[in-house]
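This briefing concerns the structure shown below.

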Amino acid sequence: MYSIDFNKLRFLISDDNAHMRRILRTLLHSFGAREVNEAEDGATALEMFIHYVPDILITDWAMPIFDGIELTQMIRQPNGSGNPFVPIILLTGHCDKRRVMTARDAGVTEFLAKPISAKALYQRILNIVVNPRPFIRTKIYFGPDRRRNTSNTYIGPERRNNGQAEIIQQPALLDKARAPR
Amino acid sequence: MAAKTPPKLSVETFGDHQIITQPNPLRSAVRRVGDAQQDDAVARAEQALKQLSDQFDDWMTSECDRLAAAFVRVSTGGFDTATQDELFRAAHDIKGGAATFGYPLAAAAAESLCRIIEHAPSLTEVPLDLIKHHVDAIQAIVREHRKLGVTTTAAELSARLRGVADTYLAAVNQDRPEHLEIILSPSIAPAD
């Protein structure tokens, strides 16, 4: 069994509805999180994202100025000023196939349908923390691997051309346990 | 909490894509525990939500007031970008929050209203009564929430509104297959 030390995680909530922000903050604090910042629109969220460097971003889809999808696209810039790898949970009432695929293709890590529940939120966070997915960079996509599972029965188009693999080691190490606060 | 140093990345380069893996930056927040040590964070959060629920009725009332005000602006001034956006956001927030606040049938009626606003080719051509019936229904469901036996009536009302709205949307979107697909397709949101 795994348990999460929520007090080691920093959250940013982005939602224009004050009631929903209050619900999310209550849930996160109950889980044990201490650092929960809030933004009420996409532009403020982007500013706070750069300033506070959250470990996990939870964002609504529909927001003023720019929405959760646009926010995700701005964050998922490989050479952006913030952390482009940050896990993003999209909280939304839009649950049709086209919207879910739009969210996935924008680089959303987890999709959380409203109405929100403590269990569903916890499971999304647990999945992010325990089973992080590698990132994929193509000409048109940068974000978490959209293939959560391998399937021998997959019959859709093959969008990746295999080639010679090359491992590029980057210097430095991100280790939250040792990182100075 | 936030890392001061960039992550160590492993990048595998293929023909048309790269796979980028970094050491789990959140691993220090994970502990493996035995059953006896298991801390039920979900139960604790549900309890906190229950304590917060004293305020849900007031929150729901304020969301309904916001929806009613948005409808008044639409009915008196007509649809423009601002009034449409205001009505949609009010309905959308009820759709997303009402079930959490204990009003799932109000959420269902609000979802139906959201679909009309999102998928009608021209809102000015939508019968205003169709929108008004949704707003009235949401208010009534919330207002009569605690009365005995109201659940069945509210469920029938929400289902009837959804049926009328879907029939209307299917008719006006015959030449817009991308909207028809959404109108007719079920939710694929992952469950709990």
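In this predicted model, chain A has a mean pLDDT of 84, and 82% of its residues reach 70 or more. Confidence falls below 50 over residues 163-181 of chain A.

**Confidence**
- Where pLDDT is low, predicted coordinates should not be read in detail.

**Architecture of chain A**
- Chain A contains five helices and nine strands.
- Read from the N terminus, its elements follow the order β-β-α-β-α-β-α-β-α-β-α-β-β-β.
- Of the 181 residues in chain A, 45% count as buried.
- Among contacts in chain A with a separation of 6 or more, 59% are between residues 24 or more positions apart.

- In soluble globular proteins, nonpolar side chains tend to be buried together.
- The largest nonpolar core has 56 residues, and the members touching the most others are A:F11, A:L90 and A:L112.
- Helix α5 of chain A, spanning residues 118-130, supplies the largest share of this core, with seven residues.
- A further core of 38 residues lies apart from the largest one; B:C64, B:F79, B:A98 and B:L161 are among its members.

**Surroundings of A:F11**
- Which residues are in contact with A:F11, leaving aside its neighbours within four places in sequence?
- These contacts of A:F11 are with A:L28, A:A33, A:E35, A:V36, A:P54, A:I56 and A:I58.

Terms used: Residues numbered from 1 in each chain as written. Chains lettered and ligands numbered in written order. Predicted model: local features only at pLDDT ≥ 70, side-chain atom pairs only at ≥ 80, totals over all residues. Core = buried A, V, L, I, M, F, W, Y, C linked by C-beta atoms within 7 Å. Buried ≥ 20, exposed ≤ 12 C-beta atoms within 10 Å, placed from the backbone. Helix = DSSP H or I, 4+ residues; strand = E, 2+ residues; numbered from the N terminus. Contact = placed C-beta atoms within 7 Å. pLDDT = per-residue confidence, 0-100.
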